[in-house]
Structure formats: C-alpha cells, structure tokens
Amino acid sequence: MTGPARFMQTILRKVRIQSVSLRFGLVYSVLFISSAILFLSFVWWGTIGLLEQRVRRSIALDAHALLTEWQRDGILGLENLINNRLAQDIDDNALYLLSAPDGKLLAGNLARWPVQLDPSLIWQTLPVLRDGQLDLAQIRVWTLQGNYLLLIGRDISERTQIQRMLTDTMLWTCLMIGLLAIGGGWVVRVLFRRIIHSINRTTLAITQGDMSRRIPVSGMGDELDDVALTINQMLDRITRLMDGVKQVSNSIAHDLRTPIARARAELEDASRSAKSEPALRAAIDKAAVNLDNVTGICEALLRIAQIESGTRRSAFAIFDLATILRDITELYEAVADEHDLKLLRDFPFHLPFWGDQAMFQQALANILDNAIKFSPSQGVISLSAHHIPPTSSAEHSQTGSIRITVADKGIGMNDADLARASERFFRAERARHTPGSGLGLALVQAIVELHGGILRLSHNNPGLAVTIDVPAIYDCPDKL
Amino acid sequence: MRVLLIEDDQTVRNFVAKGLSEAGHLVEQAADGKQGLALACQDKFDVIILDRMLPGGVEGLHILETLRREGNLTPVLLLSALADVDEKVAGLKAGGDDYVSKPFSFSELQARLEALVRRNRNEAQPLTKLSVGDLEIDLLSRAVRRGGQKIDLQPREFRLLEFLMRHTGQVVTRTMLLEGVWDYHFDPQTNVIDVHISRLRQKIDKPFEHALVHTVRNAGYMLQE
C-alpha cells in the first residue's frame, strides 16, 4: 500500500465513518482533488518556468553580442550597438543601461539605475523606471573593464499578467474541481448504496425464509455480476443442503418411528391380550429392545453429526494403527469362526498414524460387522493395510498414505447401491431383511473424512471391497 | 450397601430406588442438587448415583467437585442424558468413577454399581492370585488351573477370565467387558462378547462337571461357584 493510501486509511479509521458508501464517496473526492491539484501545479510551474527561462536565454544572447562588440570596438561601439538594438526593438521590452565610472549614463532606455539593485545577485527581478512609468523587469548587471557598468534586462510586466491570469484560472478551476469532487463523490455513494441495497434486500428476504429469492444479475459480466453470481451459487448450495437435511430428517422420522411403533404395538397388544405373566414380560422385553434400537439410532446420528462438525479433531493423537488392527482382528476372528468364515490378515507390525484411536476402532468394527453379516458361510474376509510411500504426484507427498482394505466374498452390492451406500439410512434392497440401521457406513464415511481420507466401495467379484485411503500423518502439528 | 440417589426425574428415581431396594440395598433419595449435596456431606454412603443436570441451581458436576475438594472419596456413578464422549471425559475428570448414559437398563446400572463398590473395597490389597471354586489363576505367572489341571489361555482370554474373576458373584454386562477387557467404548452390532465368552467356556467349563460362567438373562454374565 502506498503512503498516501495508508494515510487516508488512518484518517478514515480515526474519524470513524460508519457508512461504507459515504467512505467510498469521500475517498473518491479526496483522490480526485489531490490528482487535480497535482496536475494544475505541474501546468503552473511548467508555464511560468518556461517563460522565465526564455527571458534569461534572450538576455544571455544579448549580453554575448554586446560584450563581443565592447571587446572589438570599445565603449563607443557598445553605445552604438545599444542604440541600434533599442531602435529595432519591436516588442518594446528590451532594457539597457550603460554608465561610465563616474556614474554618468552613456546609453540605454532607463531613466536611472534601479534603486533596489543588489550587486551580490546575478539575476534580479525588480521594478525599473522607463518612460516615466515603473515596470517589473528581469535584469542582469555586468561590470566591464574600466568600471563601466552594463545592465541588460527584459520588461516582464506582460509575463506577470499571464501569471496572474493563470493563477486566477487555477483558483476557479480548483473551485470547480471541488464542486465536481463533491458531486462525483455523491454519485459514487449513491451507486454504491444501490448495489449494496440490492444485495441486502435479497439476503434479507432469504433470512426471513424466502429461499427462492436471488440477486438480480445485470448480464454485463462485470465484477458486480461476479459477486451476484457467487452469492446466488451459494444460495443454490444452501437450498440443496437444506433439502438434504429435510430428506435426512424425514428418514430419521421414519427410521425412529418404526421401532417406536413396534414397541408401542407390542406393549398395547400385551396390555390387551396377554394371557399370562410370562407372556406379558416377554412382550415388555421385546418393546425394550425396540426402544434400545431408537437410542442406538439417536446416538449414531449424534455421533455422525459431531464427527462431521470437525470438533473431534482436538482429540487426535499419534498411535499405532497396526495395534488397533491386531486387536480388532483378534476380536472378530472368534466371530468369524462362529460363522464359519475365514478372516485373513495382512498388515505390517507398525503403522504410525495421527488421528482418533477410538474412532478408527469403531470404523473398522462397523466394516467388519457388515462383512460378517453379509458373507455366506465358508466365505473369506480379508483385512489388509499397508503404507503407500509418497510419490511426487500424490497430494500427501510428504508422508504417504495408509490404505486399509476389507474385502469379503458376500452378497456385494449393485452399482447404484455402491454409490449410495454411505448415505445415512441407506439400506440396499438385499439387506432389508438383516438387522441394522443403515448408519454404519455413514459413520465410517464421516470418520474417514475427518481424517482427511477417502472411503471407496467397489466390487470384489463376488462381494464387496471397502477401501480407506488416509494420509499417514494428517494435519499433525509436529509433522513427526 | 447404602446408596445415595440424586436424580430429579421422578420416574427414573423411583425405578432405580425400587430396583436397588429389591436387591437389598438401602437407598436415600434426593430430588435436587442442594438436598443431594447436604445428604452426601452429612452421611456416609457406599456409593452415590448422581444425575448431571439437576434443578435448584446446584449442578451434578458441582456436587462432585465439592465432595472431592472436601476429601470425600465415596465412589460416584454419574447418570446422565449427556452421552457424548467429551461429556463422559469431563465427568470422569471431575472425579466421577463411572458413567452411565440415559436411557439405561437397570441391570447395567446395578452391575456397574456393584463393581464400583467392590473395586473400592479391594483397592487396599494388591492381589497376585485369584480363585473361584477349584479354578485359580496366578496374575504374575499368568497360569490358569482348574482342579489341578493346567489350562492354556490366549492373552485376551486370560484378561477376560481375570476380569470375570475380579467380579466374582457379580453380574458383568457386555459393555463392561468391552470397556474393561478390550478398551472399546462403543457397542458393535455383532455379539462379539458372547462369542468370546463361549470360547472361554469351552476351555474352563466344558471339560469339567459344573459350570462357573453363568449367563444372566437380559443382563450379562456372572462367574460363580
């Protein structure tokens, strides 16, 4: 930022102008006035300076001719030349005066030596008496051999007039510039206000709930249109997200109502028609299980929302992913055995990782739960993980990434289901009859995204392969 | 045992108080924080059940902090609808000994209460050997014997058995086992605990005449002679 701009900012901050449009108007005026003043002073000094230089050059030329004559023909020749020059002076502005050592005036058109003459200065501007009137003149005095004094000058009263005229013009111009600046500033302010107000009106309407409103676009393709388009795009996205939220809340309503309705039906049925105490107890226990499902869904939803908000990142720490994998395979191997499944493992002894340990446990548990649930007996589930070294083109080129794959030979999914599997409450047709809430993979997705990774589902022909790619040390403050 | 129950919701309070009384415990009840704090300071209890959000201007965590500041080390089980991981951590940091989030099953609450009181009593003497009936384990050499016969257990199976033996005669829930043995703080959909218990049974119960590991319906498991 340049000096004056910073100065302006300081002033504006000190004065504390609340209206942005007024501030813009003022900035415009100040800039306009200062540039006009700069321009005019340049013109003024240029004109006046040029005129003065021309006078000095003409005096110097005169002096050269006269002094040459003096050296060649002496004092008489000089007198003649002066008289000659005076006779030929068409502009009637040349001034000469030649005096003898005793003070007697020998030639020239001045009545006497100027009173205010200062012998110490070379160039002087002072009033001289000619033809009975005082005129302003630019003069120079030479002392010749034998103490003769020669004065050469130019009447500059005309130049003074020009100067005065110019100054007058300048003053008027300044006044006009001032008026223009104020007017221009006002126009700028009005324009600015109109733009702001158009955006403001739309956003206000949206705040009050009218999501269909958009900021008008002029179609000129200017910066204002850019801003309007960006805001409109943002509004479109918000609308889409709100629709998504609405859809999710509908799903929540549906998926929560179902177990509540079941519990209610069981209780009511038991209350009306249970024949014995054991039957009553059984019905109540079944209802309680359904209510536990409701709690489970609530907790999973809250957890997903919390993870998606990103606040859990404060609990990140460095841990060994391999240990987590060993523990989880050990936990699930027994379950796999029970289902007559084989759980194969393939991962190194150490896999340092930066993240939330508990979340990774849960993510892996969810994936393995699914794999076991959807595998026919005698199937094979493989859990593998390895470090992918950094490549120059990779995004996380410093530390590389970790790829965890869980592949089963189960019922798998079709392409349409693959794309939607990590949505909240999504359940593939073929999975409808199995227990579950449709939130497991949504939670995994949220956890993987929190760690800056990507969750991919693909065909394992047959079966499903779940791949998690996470940067090995993601967002770690020390970068290890 | 003497239990102080500080809980503002009457239904939950009656439910817990009734259940605990039926199990033979002495229950004092407080419906707000002020009364609860006064009772906790006056009397000596074996365990305090404390709701976190209470009316009357004295919040659950505040009671807990006040008690701990005054050197009162009565085990406190926090009972709260704030089920978030961070909330649990905050509760335990404030001096709570265990955390049960609402809604909860009575058996879970009871099992945890009993474990808490037992832990408090046992903390005095460090054990090197545990035994139930003819089953004994050596915590140092990690050896397991039943009726003089050596039994080979995997490290995790050993920890599972150790946990059960430390809670002999008490119900331990699946959640307690997940937390205590595996350090997992979530409930997997699959019945992983049941599978591991059944494997343990294969080794320590099946070859012998009578079983030590019992299933408690709607609650969990219990190791008992």
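What does the covering of the buried residues of α4(A) include? Point 2 takes this up, after a word on the model.

1. **The model and its chains.** This is a predicted model. Chain A has 480 residues, and 24% of them are buried. Its secondary structure comes to nine helices and twelve strands. Chain B has 225 residues, of which 32% count as buried. The count there is eight helices and twelve strands. Take contacts in chain A between residues at least 6 apart in sequence: 59% of them join residues at least 24 apart. For chain B, residues 24 or more positions apart account for 56% of the contacts with a separation of 6 or more.

2. **Helix α4 of chain A.** This helix covers residues 223-273. Its 51 residues should span 75 Å at 1.5 Å a residue, and the end C-alpha atoms lie 73 Å apart, so the two values agree. α4(A) is hardly covered, with four buried residues among its 51. Those buried are Ala228(A), Asp255(A), Pro259(A) and Ala263(A). To return to the opening question, what covers them includes α5 (277-309) of chain A. An α-helix has 3.6 residues a turn, so residues three or four places apart point the same way.

3. **The five-stranded sheet of chain A.** The sheet is open and its strand order is β2-β1-β5-β4-β3 (chain A). The pairing is antiparallel. The edges are held by β2 (105-108) and β3 (123-130) of chain A; each has a single partner strand, so one side of each has no neighbour in the sheet. From one strand to the next, the twist averages 30 degrees.

4. β3(A) pairs with β4(A), residues 133-143, over eight bridges in the antiparallel sense. Within this pair, Thr125(A) stands opposite Gln138(A) of β4(A). Helix α2 (residues 20-88) of chain A packs on the sheet. Which strands does α2 of chain A touch? The helix touches β1 (94-99), β2, β3, β4 and β5 (149-155) of chain A. The direction of α2 makes about 140 degrees with that of β5(A).

5. **Trp186 of chain A.** This residue is found in helix α3 (residues 157-207) of chain A. Is Trp186(A) buried or partly exposed? The residue has 15 C-beta neighbours inside 10 Å, so Trp186(A) counts as partly exposed. Leu26(A) is 160 residues away in sequence, yet the C-alpha atoms of Trp186(A) and Leu26(A) are 8.3 Å apart.

6. **The contact between the chains.** Chain A puts 18 residues into the contact and chain B puts in 16. On the side of chain B that touches chain A, helix α8 (residues 192-204) of chain B gives the most, with four residues. By class, that side of chain B has eight nonpolar, five polar and three charged residues.

7. **α6 against α8 in chain B.** Helix α6 covers residues 155-166 of chain B. The axes of α6(B) and α8(B) come within 11 Å and cross at roughly 90 degrees. The two helices are therefore roughly perpendicular to each other. α6(B) brings Glu157(B), Leu160(B) and Leu161(B) to this contact. From α8(B) come His196(B), Arg199(B), Leu200(B) and Ile204(B). The classes are four nonpolar, one polar and two charged residues.

8. **The four-stranded sheet of chain B.** This sheet is open too, in the order β6-β7-β8-β9 (chain B), and the pairing is antiparallel. Why is one side of β6 and of β9 in chain B left without a neighbour? β6 (129-132) and β9 (149-151) of chain B stand at the edges with a single partner strand each, so each has one side without a neighbour in the sheet. Neighbouring strands are turned by 25 degrees against each other on average, direction ignored.

9. Four bridges join β6(B) to β7(B), residues 135-138, and the two run antiparallel. Lys129(B) has Asp138(B) as its bridge partner in β7(B). For Ser131(B), the partner in β7(B) is Glu136(B). The hairpin has two residues between its strands, and Gly133(B) takes a positive phi near 60 degrees there.

Definitions and conventions
Residues are numbered from 1 along each chain as its sequence is written. Chains are lettered from A and ligands numbered from 1 in the order in which they are written. This is a predicted model: local features need pLDDT of at least 70, side-chain atom pairs count only at pLDDT 80 or more; totals for chains, interfaces and linings use all residues. Two strands pair if DSSP finds at least two bridges between them. Axes are lines fitted to C-alpha atoms, for helices over the stretch in contact, and angles run from 0 to 180 degrees between N-to-C directions. Two residues are in contact if their C-beta atoms, placed from the backbone, lie within 7 Å. Ala, Val, Leu, Ile, Met, Phe, Trp, Tyr, Cys and Pro count as nonpolar, Asp, Glu, Lys and Arg as charged, and the others, Gly among them, as polar. Angles under 35 degrees count as roughly parallel, over 145 as roughly antiparallel, 65 to 115 as roughly perpendicular and the rest as oblique. The expected span of a helix is 1.5 Å times one less than its number of residues. A residue is buried if 20 or more other C-beta atoms lie within 10 Å of its own, exposed if 12 or fewer, and partly exposed in between; C-beta atoms are placed from the backbone.
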